[in-house]
Amino acid sequence: MGSAAAPTLMDDSEHPTDTAIPTSTTSLARLSCTSCRDRKQKCDRNLPVCRRCTSLRNDCVYPSSRKSGQGKRKQFRDLEAKLFQLEDQLRTIRHSADADRCNLPQTVRTAVSSNVVYSSPVGSSADQSWLSEATSQEGRDVGEPRSQQRQQLADWLANSELELTELDDAPLSRDLIEELTTLYFKNGYHCSPMIHPSRYLESSRSDVPSRQPPLFLQLVIMATGASTDPSHASLAMSLYRRARKLAEQDEAKEPNAFMLAHAQCWVLMANFEAQSTLFSRASLSLGKSIRIAQILNLHQLDRGPQPPSLFQSHLEPPSSRHLDWIEMEERRRTWWVIYSADRLVFATSALPSIIDDRMVHTLLPQPEEAFTSGSEEMPQEHTNTLHQALRERLPPVSRLGARALAAHLFYRAVDLETTEPRPEAQGEHNLESYWAQQQDVSNDLLALLISLPRDLRLPANIGCQDTIFIHVLIRTALMCLHKTAIRKAAEDGGRGTEASFVKAQGRSNLLAAAAQVIAIIRSIREEDLTEALKNPIQGYATYITSLVFLEDFALTRFEGSRANVVYLFDMLQRFSQTHPVARMLAGQLGHELERLEVVDTAMG
């Protein structure tokens, strides 16, 4: 019976076989041979050769002592050789000025060898040195255009096999830094108009390290700038990764020392990640930005005396709290950029919002011209909070203020559709409460649309990205509001004729809002439309508009609705090569078109 038992993995170690039983005629070694020890297998210790080594034809060597460690010494020598090899590679990368050692083409070497800037140690702005003094222009390859040099540098960074830690040491020329920063303030600033342009540029060019912006903020600004220009787009992701790495290292170094730059950096990274369809990571980055802003009390800048808080000792040092008007306004603007992002994330993803409106006591921002020029345009007592502007339906005085109000009303419109009523609010009372809120939000949206300042009105400002964004967002909020009203009316079986009227009116208003969105899109120039669709919210609004026309075509077979759907689908497909969000939404819309047999997307 014993011989018929199935073998187990522990047979050699716990149940010695007949070959391991010593006999009086066999000489045994004191220790197992090195081959069996290395394999961690049972050795019978027969002399001169054990049976396992005999069967495997291995060299059977018995150690003289238990601590010989020959196998470990060999492993150590191998690891030591690999370590020396890695050190040689790092030494080669860090001496990248030598083109033969870092495998850079000549034109790329000349592009990065003049006015070279290296990543400084991680830390606050007081212990960083971002821009070194300009070096001489000697050695530059003047026979080749600078634009070609920059393109070859971008191609090399995009196609090289260097790891992130090696890219951190890759130099950037002063000219390239200036160009990427300029691109941000020219093309990407309107999405997050919170940093004072002239003060930022002045401090970034300073030779005094304590006056320079933190390196992680500069890198994410350059990444955003690079993403707006096709010739530099290949640099954007590597710059973003460097910014994120340095921001995380800075927080690990001083976990309780938060600055305004931390909140600004994380919201800019959230925007960059959303444009790259990294939505989960964008949500986490935005959440970090919100919490840092709240720790810095950016949401209660104009409240007066602050209530006791555990975070009082974590605020910026007292010397930085004596702020001039521009610095206070920059903090207000940072808050409203973050606030708008939180509202838009909820409205487009159904994730719970983090900010509680009841806790916000920060004035809406002043006009952009006053902020950039540094002159306070109106007394502080004449500016409004969000609650005052909504309660009294006051016109916004700035483009950022209009964006914040539109984002808030968009949030409220979607909240009526997605939030379940409280348990105590059921039946007829709950329905009446819904219609009251629905009418209130609808009136607020229309009041905001009418009261927009002159520089945000259509069609005169169709080339302004802020104008496009705000008008499309208001119409998208109206579509969400009327779509919910139609569903609520259908669920209310007791209203009879009145329910039918509400549904018909809601469908009419829904199609009217969708028609206004597509009219705006058709009026935008191609280059402005290219920039507008980089914003994920604009792509989302286009998708919602397409679904409205698609649903109408499915119900009525109206050819005009079908033509509008096909136009919007073709537009998303046209930009899908360069816009990740447009590519994602075009795929989703294409499935719906195939399902309803509106168009054969494979043929398109």
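These legends accompany close-up views of a predicted model.

**Figure 1. The whole chain, as a starting point.** Welcome to a protein chain with 25 helices and 2 strands. The protein chain has 604 residues, and 47% of them are buried. Take the contacts between residues at least 6 apart in sequence: 69% of these join residues at least 24 apart. The accessible surface of the chain is about 31000 Å², and carbon and sulfur atoms account for 53% of that area.

**Figure 2. A cis peptide bond between Leu 47 and Pro 48.** Here we look at the link from Leu 47 to Pro 48, a cis peptide bond with omega near 5°. To find your way, follow the loop between helix H2 (34-39) and helix H3 (51-56), where Pro 48 sits.

**Figure 3. A cis peptide bond between Leu 458 and Pro 459.** In this view, the bond joining Leu 458 and Pro 459 is cis, and its omega is about 5°. Pro 459 belongs to the loop between helix H19 (427-451) and helix H20 (465-491).

**Figure 4. Ala 350, a residue with positive phi.** Ala 350 is not a glycine, yet its phi is positive, at about 70°. Most residues other than glycine have a negative phi. Look for Ala 350 in the loop between helix H15 (325-349) and helix H16 (368-373). With a relative accessibility of 56%, Ala 350 is classed as exposed, because the exposed class begins over 50%.

**Figure 5. Arg 393, another loop residue with its own positive phi.** Arg 393 is not a glycine either, and its phi is positive at about 50°. The loop in view runs between helix H17 (386-391) and helix H18 (399-418), and Arg 393 lies within this loop. The relative accessible area of Arg 393 is 39%, so this residue is partly exposed.

**Figure 6. Helix H11 packed against helix H13.** Helix H11 (residues 215-227) and helix H13 (residues 260-275) have axes 9 Å apart and pack at an angle of about 25°. H11 is therefore roughly parallel to H13, as angles under 35 degrees fall into that class. The crossing of H11 past H13 is left-handed. On the H11 side, the residues in contact include Phe 216, Leu 217, Val 220 and Ile 221. Among their partners on H13 are Cys 265, Leu 268, Met 269 and Phe 272. Sorted by class, this contact between H11 and H13 has 10 nonpolar residues, 5 polar ones and no charged ones.

**Figure 7. Helix H13 again, now with helix H14.** The axes of H13 and helix H14 (residues 279-295) come within 8 Å, crossing at roughly 160°. H13 is therefore roughly antiparallel to H14, since angles over 145 degrees are counted that way. H13 and H14 also cross in a left-handed manner. H13 brings residues including Trp 266, Val 267, Ala 270 and Glu 273 to this contact. From H14, the residues that meet H13 include Phe 279, Arg 281, Leu 286, Lys 288 and Ile 292. By class, the contact of H13 with H14 has 10 nonpolar, 3 polar and 3 charged residues.

Conventions. Residues are numbered from 1 along each chain as its sequence is written. This is a predicted model: local features need pLDDT of at least 70, side-chain atom pairs count only at pLDDT 80 or more; totals for chains, interfaces and linings use all residues. Side-chain values use heavy atoms; hydrogens and water are left out. Helices (H or I, at least four residues) and strands (E, at least two) are DSSP runs, numbered from the N terminus. Buried means under 20% relative accessible area, exposed over 50%, partly exposed in between (1.4 Å probe, protein chains only). Contact means heavy atoms within 4.5 Å. Accessible areas come from the Shrake-Rupley method with a 1.4 Å probe; for residues, only the protein chains shown count as cover. Axes are lines fitted to C-alpha atoms, for helices over the stretch in contact, and angles run from 0 to 180 degrees between N-to-C directions. Angles under 35 degrees count as roughly parallel, over 145 as roughly antiparallel, 65 to 115 as roughly perpendicular and the rest as oblique. A crossing is left-handed if the near helix is turned anticlockwise from the far one by less than a right angle, and right-handed if clockwise. Ala, Val, Leu, Ile, Met, Phe, Trp, Tyr, Cys and Pro count as nonpolar, Asp, Glu, Lys and Arg as charged, and the others, Gly among them, as polar.
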